[in-house]
Every structure is written in structure tokens, then in C-alpha cells.
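User: Please walk me through the contacts in this model. I will ask about one feature at a time.

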Amino acid sequence: MKAEPVDPVCTELPSAARGGPVSHAVSRVARLHRIAAGKALRCAGLYPGQEFLMMYLWDAGAARQSELIKAVDLDPSTVTKMLQRLEQAGHVRRRPDPDDRRAVLVEASSDSCALHSDVERAWTKLEERTLAGLDAAERTELARLLAKVEENLSRETESCPESR
């Protein structure tokens with residue numbers, strides 16, 4: 001009796017992950033992508049995640065800190081720490097909301113214009129490195145498939161308190 005060929009991808013997986021080879025691959029890729037993003041953003045003086053706050057502020061304008069927390073889907077203490085660092089670096093400024101003195105508005109500083117270009121270059125470089133070797137059709141298909149995966153995971157996590 002001839003043994004069935006073993007999928008080489010499955011043999012490299014930890015035994016507990018063999019039932020989820022795609023999930024294991026997504027986790028590894030996400031981890032590596034975050035490391036590569038950190039490397040690309042280092043030249044701009046940013047840590048991974050801070051660029052998402054800045055992107056939101058550049059596009060949306062001044063926003064309440066509570067709105068930023070929802071937009072970037074991070075723990076409030078993490079966002080507070082990020083904003084402190086960004087403010088110390090001169091990239092954002094905080095001021096009282098004129099409509100509600102208890103609330104704080106955060107906005108990108110005029111000095112952050114140069115940072116915008118740095119972040120744009122970093123993300124372009126990250127995209128090129130991430131998708132190297134994929135042709136246009138493969139890139140389009142990957143984006144389509146990842147959008148489906150994101151939709152699945154969004155539905156799966158919508159009732160979780162940490163996803164709000």
C-alpha cells in the first residue's frame with residue numbers, strides 16, 4: 001500500500017495549527033508585515049500604528065480623542081500614549097473642543113506635512129516589497145481575497161467588546 005503524499009506546508013506547521021494552515025500563514029504574514037512597516041516608518045520617526053492615527057487626522061481633520069480610539073480600534077491607553085509621543089514630536093496638537101469643554105480635539109500640526117510625505121513613501125516602499133514577484137492580476141486577486149477574509153473576521157468579531 002502506497003502512502004499518500006503529505007502536503008509540505010502542513011509538515012512545517014506546529015501540530016496544533018495543522019487544522020488551520022491559512023490562519024497560521026495569515027498570522028505569520030501579519031507579524032512580518034508589522035515588522036517591515038516598523039522598519040519602513042523608522043525613517044519618519046514613527047512606531048507602527050502611529051501612522052494610522054496620523055492618516056486619520058490628515059484625512060478627517062481635527063477629531064475628538066474618543067473618535068480616534070474608535071477609528072484606529074485600539075485600547076484608549078494605547079492611543080493616549082501614541083498621542084503623547086506624537087505631540088512631543090510636534091506632529092499633533094490637542095486643544096479643548098469648543099462645543100464641549102470636557103472633550104479634547106486632536107489635530108495634525110502644520111509641521112506634520114513633511115511627515116505625510118515620509119509616511120506615503122514608507123507605505124509605497126512597503127507595498128512594493130510586500131507584493132514583489134506578484135503580477136497585476138495576482139495583486140488584484142490578493143486584495144479581493146483579503147477583503148473577503150477581513151469581512152469574515154469583522155462579522156466574527158463584531159460582538160467582541162475589544163472590537164468596538
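Analyst: The model is predicted. Start with Glu 51, which sits in helix α3, residues 50–60.

User: Which side chain of opposite charge is nearest to Glu 51, and how far away is it?

Analyst: Glu 51 is buried, yet it has no salt bridge. A salt bridge needs a side-chain nitrogen within 4 Å of a carboxyl oxygen.

User: How is the aromatic pair of Phe 52 and Trp 123 arranged: stacked, tilted or edge-to-face?

Analyst: The structure holds 1 aromatic pair. Phe 52 and Trp 123 form that pair, with 5.7 Å centre to centre and 70° between the planes. Planes over 60 degrees apart count as edge-to-face, so 70° gives that class. The arrangement is edge-to-face.

User: How many residues apart in sequence are the parts that this pair ties together?

Analyst: Phe 52 lies in helix α3, and Trp 123 lies in helix α6, residues 113–130. Phe 52 is partly exposed at 41% relative accessible area, and Trp 123 is partly exposed at 25%. The pair therefore ties together parts separated in sequence by 71 residues.

User: Over which ring does the charged end of Arg 85 sit?

Analyst: The charged end of Arg 85 is 5.1 Å from the ring centre. The distance limit for a charge over a ring is 6 Å. The ring belongs to Tyr 47.

User: Which element gives the most residues to the largest nonpolar core?

Analyst: The largest nonpolar core has 20 residues; those with the most contacts inside it are Leu 46, Leu 53, Leu 68, Leu 83 and Val 92. Two or more residues come from each of α2 (21–42), α3, α4 (65–72), α5 (76–88) and α6. The top contributor, with 4 residues, is α5.

User: What does Leu 53 touch, leaving out residues up to four places away in sequence?

Analyst: Leu 53 is among the core residues with the most contacts inside the core. Its contacts beyond four places in sequence are Leu 68, Val 72, Val 79, Met 82, Leu 83 and Leu 86.

User: What separates Glu 151 and Arg 155 along helix α7?

Analyst: Their side chains meet in a salt bridge at 2.9 Å, N to O. Glu 151 is partly exposed at 47%, and Arg 155 is partly exposed at 45%. Within helix α7 (residues 136–157) they are 4 residues apart, so the separation is about one helical turn.

User: How far apart in space are Asp 111 and Ala 136?

Analyst: Asp 111 lies in the loop between β3 and α6. Asp 111 counts as exposed at 59% relative accessibility. Asp 111 and Ala 136 are 25 residues apart in sequence, and their C-alpha to C-alpha distance is 36 Å.

User: Is Gln 65 buried or exposed, and at what relative accessibility?

Analyst: Gln 65 is placed in helix α4. Beyond four places in sequence, Gln 65 is in contact with Thr 80, Leu 83, Arg 94, Val 104 and Val 106. Buried means under 20% relative accessible area. Gln 65 therefore counts as buried, at 16%.

How values were computed:
Residues are numbered from 1 along each chain as its sequence is written. This is a predicted model: local features need pLDDT of at least 70, side-chain atom pairs count only at pLDDT 80 or more; totals for chains, interfaces and linings use all residues. Side-chain values use heavy atoms; hydrogens and water are left out. Buried means under 20% relative accessible area, exposed over 50%, partly exposed in between (1.4 Å probe, protein chains only). Lys and Arg count as positive and Asp and Glu as negative; His and the chain ends are not counted. Rings of Phe, Tyr and Trp (its six-membered ring) pair if their centres lie within 6.5 Å; planes under 30 degrees apart count as stacked, over 60 as edge-to-face and the rest as tilted. A charge sits over a ring if NZ of Lys or CZ of Arg is within 6 Å of the ring centre and within 35 degrees of the ring normal. A nonpolar core is a set of buried Ala, Val, Leu, Ile, Met, Phe, Trp, Tyr and Cys residues joined through side-chain atoms within 4.5 Å. Contact means heavy atoms within 4.5 Å.
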